[in-house]
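Please open the model in a viewer and follow the stops below in order. Each stop names a selection and then describes what is found there.

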Amino acid sequence: MPTILGQNQYGKAENRVVKITRDGATHHIKDLNVSVSLSGDMDEVHYSGSNANVLPTDTTKNTVYAFAKEHGIESAEQFGIHLARHFVTSQEPIHQARIRIEEYAWERIEHSGKGAHSFVRQGQETRVTQVTYDGSSWEVVSGLKDLVVMNSTDSEFWGYVKDKYTTLPEAYDRILATQVSARWRFNWTDDEEEMPNWDTSYEQVKKHMLQAFAETYSLSLQQTLYQMGSRIIENRGEIDEVRFSLPNKHHFLVDLEPFGLKNENEVYLAADRAYGLIEATVLRDGREPKIPVDLTNL
């Protein structure tokens with residue numbers, strides 16, 4: 001045979017599941033987008049078309065909805081762990097399961113009527129997680145995307161390399177804004193270890209990330225990124241690695257002189273593209289990086 005089969009996986013992508021928990025008149029919502037990917041002893045289905053080892057992707061979809069009922073959804077991470085364990089332990093040909101989850105947050109609408117069952121979709125970040133299990137060890141990488149933040153001052157950019165194509169003026173008081181995409185890897189890998197409190201961890205990571213962004217007097221977005229990652233590692237012992245992808249959402253002062261007006265750092269053009277893209281990993285000392293460099297693959 002002139003060719004051989006390389007890495008392969010299959011599953012059901014983007015299973016949208018909404019779980020309503022009714023506590024009397026007070027309701028709670030978990031809104032997830034769950035993607036299941038399975039790999040293992042799957043050579044024959046590719047070579048001959050034999051489905052003897054294939055769990056249908058429709059079954060994986062049904063499992064997502066059944067588990068929402070049977071196990072509930074305590075957190076995206078916990079739900080992913082339930083699913084990954086099930087697929088690996090219940091199907092001998094399956095050697096590894098990877099569960100990717102996006103979680104969409106809802107905020108309760110306060111009102112004067114009876115009950116607490118009205119919500120508005122929050123418009124900030126999307127929470128994400130990826131759970132991978134091979135039957136003996138776990139890897140949990142969580143994070144967020146589309147979190148837009150801005151400092152309207154306390155940012156400079158000067159002293160950079162200049163060549164004949166450089167036109168950008170140095171800035172000693174500028175807007176610093178970005179749309180954060182971040183992933184962090186937990187050092188929990190074994191069922192014998194105490195599992196982190198996933199929701200508390202997420203809230204605390206986000207808090208330290210935002211505090212570092214706000215409190216860093218920035219001479220570059222790279223410096224701010226490193227401070228954000230360092231603050232997380234220093235304060236959250238359950239996390240060994242953080243990977244950021246930060247587009248620099250440029251704000252340029254508008255030239256108002258043609259109208260006889262002086263722009264004193266007040267009016268800006270918000271440019272959506274082209275944009276600088278700053279990416280880096282921050283690690284706990286002595287740990288090896290494992291989060292993919294390209295976050296679009298995670």
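Two strands are taken to pair if DSSP finds at least two bridges between them. With that criterion in mind, select β6 and β7: eight bridges join these antiparallel strands. Within the pair, T132 stands opposite E139 of β7. Please note that this is a predicted model.

**The whole chain**

Of the 298 residues, 41% are buried. The accessible surface comes to about 16,800 Å², and carbon and sulfur atoms account for 48% of that area. If contacts between residues at least 6 apart in sequence are considered, 66% of them join residues at least 24 apart.

**The eight-stranded sheet**

Next, select the strands β1, β2, β3, β6, β7, β8, β9 and β12, which in that order make up an open sheet with antiparallel pairing. The edges are held by β1 (15-23) and β12 (276-283); each has a single partner strand, so one side of each is left without a neighbour in the sheet. On average, and with direction ignored, neighbouring strands of this sheet are turned by 20° against each other.

Nine bridges join β1 to β2, and the two strands run antiparallel. R16 stands opposite N33 in β2. The two strands form a hairpin with two residues between them, and G24 in the turn has a positive phi of about 65°.

**The helices across the sheet**

**The nonpolar core**

Which residues have the most contacts inside the largest nonpolar core? This core has 53 residues, and those with the most contacts inside it are V34, F79, I99, V180, W184, M209 and F244. Helix α3 (residues 76-90) gives the most to the core, with seven residues. In soluble globular proteins, nonpolar side chains tend to be buried together.

Centre the view on M209. Residues up to four places away in sequence aside, M209 touches L144, V180, A182, W184, M228, I232 and F244.

**A last stop at L253**

Finally, select L253, which has its place in strand β10 (residues 251-253). Is this residue buried, partly exposed or exposed? L253 is partly exposed, because its relative accessible area of 45% falls between the limits of 20% and 50%. Apart from neighbours within four places in sequence, L253 is in contact with N263, N265, E266, V267 and Y268. For one of these, E266, a distance can be displayed: the C-alpha atoms of L253 and E266, 13 residues apart along the chain, are separated by 7.8 Å.

Notes:
Residues numbered from 1 in each chain as written. Predicted model: local features only at pLDDT ≥ 70, side-chain atom pairs only at ≥ 80, totals over all residues. Heavy atoms only, no water. Core = buried A, V, L, I, M, F, W, Y, C linked by side-chain atoms within 4.5 Å. Buried < 20%, exposed > 50% of the residue type's maximum accessible area, 1.4 Å probe, protein only. Helix = DSSP H or I, 4+ residues; strand = E, 2+ residues; numbered from the N terminus. Contact = heavy atoms within 4.5 Å. Axes fitted to C-alpha atoms, helices over the stretch in contact; angles between N-to-C directions. Areas by Shrake-Rupley, 256 points an atom, 1.4 Å probe, with all protein chains shown as cover.
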